[in-house]
Amino acid sequence: MADHDKELTASEEALLESFFSAARADEGTQAEPSPELLARVLEDGYGVQDGLAAAAAPVAPARAPAPRRSLIAALLAAVGGAPGLAGLTAAALVGLWFGARPPEAVAGVTAGLFGAAAATTDTTTDDDLLGYDIAYADLLTDG
């Protein structure tokens, strides 16, 4: 880069002054570009524009039709994949469990909503969990 703090010598000053005086003398006549130069510049500009237009509009390749998914794959995708299916399965099993053997809190809510007739279901105790009598478990282990 040029050093802006550099002082010019007398010969450099005289050379610059001669260029400036020549420019002042030609101030009345403006230098116009020749018509041939203008034609070449326009020709180059049109060529660049045509090249940009061809590059900007690429032709999309023909796409093959998307493969069809099976019904099971579509349903699995609809519930959120494997994690969604696991959550849905867990919720369904808990719903079946509560429907078959409702806890006391759920039975009380059911009685409040639907009357006492709905609450008179056959509830189980801890001794008879899913039909297995714990009292006979001692007999099985004692042999």
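In which helix does Phe20 lie? Phe20 belongs to helix H1, which covers residues 10-25; helices are DSSP runs of H or I with at least four residues and strands are runs of E with at least two, numbered from the N terminus. The model is predicted, so that local features need pLDDT of at least 70 and side-chain atom pairs count only at pLDDT 80 or more, whereas totals for chains, interfaces and linings use all residues. Residues are numbered from 1 along each chain as its sequence is written, and side-chain values use heavy atoms, with hydrogens and water left out.

The protein chain has a mean pLDDT of 77, and 71% of its residues score at least 70; pLDDT is the predictor's confidence in each residue, from 0 to 100. Seven helices and two strands are present, in the order α-α-α-α-α-α-β-β-α from the N terminus.

Of the 143 residues in the protein chain, 2% are buried (buried means under 20% relative accessible area, exposed over 50%, and partly exposed in between, with a 1.4 Å probe and protein chains only). Phe20 counts as partly exposed because its relative accessibility is 46%. Helix H3 (residues 71-78) lies largely in the open, because zero of its eight residues are buried. Just after H3, Gly80 adopts a positive phi of about 105°.
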